[in-house]
Amino acid sequence: MTITYEYEGALYVNLTNKCNCNCEFCLRHGKAEGSIYTEDSLWLKREPTRQEALDSFLGRDVCSYREIVFCGYGEPTYRLDDLLWLVDELKARFGDKLPPVRINTNGHANLINGRNVCPELKGRINVLSISLNATNAADYVALCHPVQGEAAYQAMLDFARDAAPFVDKVVLTIVDKDKTPEEIDLCYQIAAELGVELRVRSFIDS
Ligand code: SF4
């Protein structure tokens with residue numbers, strides 16, 4: 001079972017395969033040949049306990065990485081409580097030497113956990129990387145198929161805005177594939193209105 005793994009100098013963490021979306025481009029579909037995300041080992045037969053995840057961290061030289069990234073083969077905020085517990089445990093051990101902590105997320109943490117989790121991120125999470133994916137709710141549903149339907153789009157935007165005061169940086173991301181220049185411009189506008197950054201990334205990326 002792969003809980004933590006290295007990628008381009010960062011330490012990635014895989015806590016869950018659960019997701020409330022089923023994105024057309026999801027690397028879980030295994031379409032991206034050669035990607036680390038198509039490794040079978042990232043499919044968890046069972047979710048690791050938080051102690052197992054901590055042990056996986058502590059078996060490594062944690063402070064040698066440029067960044068710690070919670071992502072996985074699913075939506076990491078399904079395990080937000082465990083994720084934050086892990087960060088607290090690591091901070092207790094390594095203090096300021098702990099590398100910056102990022103969550104790669106679909107932005108549905110509040111929907112998934114049934115509460116506003118944003119204040120809980122303060123002092124724990126440095127960067128939130130949120131998949132924007134579309135410029136409107138209808139396109140978002142067509143692409144990501146969230147179980148919550150169109151409401152999930154606005155929930156993601158609200159999360160980006162509401163989390164911003166509690167973390168160092170919020171970055172909305174889009175994949176350049178199948179996006180027109182006009183749509184990319186609109187994504188920049190959406191990010192600016194929320195007071196966050198936009199990153200345009202290629203199809204296979206971190
Ligand atoms: S939100 Fe992420 S993990 Fe979930 S289906 Fe979309 S790409 Fe896959």
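This is a predicted model: local features need pLDDT of at least 70, side-chain atom pairs count only at pLDDT 80 or more; totals for chains, interfaces and linings use all residues.
The largest nonpolar core holds 54 residues. Phe 70, Ile 125, Leu 128, Leu 132 and Leu 172 have the most contacts inside that core. Take Phe 70 as an example. Beyond its neighbours within four places in sequence, Phe 70 is in contact with residues that include Val 13, Leu 15, Phe 57 and Pro 76. Leu 83, Leu 86 and Val 87 are also among its contacts. Another core lies apart from the largest one and has eight residues. Tyr 7, Tyr 12, Val 69 and Cys 71 are among them.

Thr 4 lies in strand β1, which covers residues 4-7. Thr 4 has 6% relative accessibility, so this residue counts as buried, the cut-off being under 20%. Its side chain makes two listed polar contacts. One, of 2.6 Å, goes to the side chain of Ser 56. Another, of 2.7 Å, goes to the side chain of Arg 60. Leaving out residues up to four places away in sequence, Thr 4 also touches Leu 11, Tyr 12, Val 13 and Phe 57, among others.

Asp 81 sits in helix α2, residues 80-94. Residues up to four places away aside, Asp 81 touches Arg 50, Arg 115 and Glu 120. Asp 81 and Ala 163 are 82 residues apart in sequence, and their C-alpha atoms are 16 Å apart in space.

Helix α4 spans residues 137-144, and its buried residues are Ala 137, Tyr 140 and Cys 144. Viewed down the helix axis, these buried residues fall within an arc of 55°, so they line one face of α4. Their cover includes strand β5 (127-131) and helix α5 (151-163). Look next at the two ends. At the start of α4, a side-chain oxygen of Asn 136 comes to within 3.2 Å of the backbone nitrogen of Ala 138. Just after α4, His 145 adopts a positive phi of about 50°.

Finish at the ligand. The residues around the ligand include Cys 19, Cys 21, Cys 23 and Cys 26. Asn 22, Phe 25, Arg 28, Gly 74 and Asn 106 also belong to this shell. By class, the shell divides into five nonpolar residues, three polar and one charged.

Key:
Residues are numbered from 1 along each chain as its sequence is written. Side-chain values use heavy atoms; hydrogens and water are left out. A residue is near a molecule or strand if one of its heavy atoms lies within 4 Å of it. Ala, Val, Leu, Ile, Met, Phe, Trp, Tyr, Cys and Pro count as nonpolar, Asp, Glu, Lys and Arg as charged, and the others, Gly among them, as polar. Buried means under 20% relative accessible area, exposed over 50%, partly exposed in between (1.4 Å probe, protein chains only). Helices (H or I, at least four residues) and strands (E, at least two) are DSSP runs, numbered from the N terminus. The arc is that of the directions from the helix axis to the C-beta atoms. Contact means heavy atoms within 4.5 Å. A polar contact is a pair of N or O atoms within 3.5 Å; within protein, one must be able to donate a hydrogen and the other to accept it, and residues adjacent in sequence count only if both atoms are side-chain atoms. A nonpolar core is a set of buried Ala, Val, Leu, Ile, Met, Phe, Trp, Tyr and Cys residues joined through side-chain atoms within 4.5 Å.
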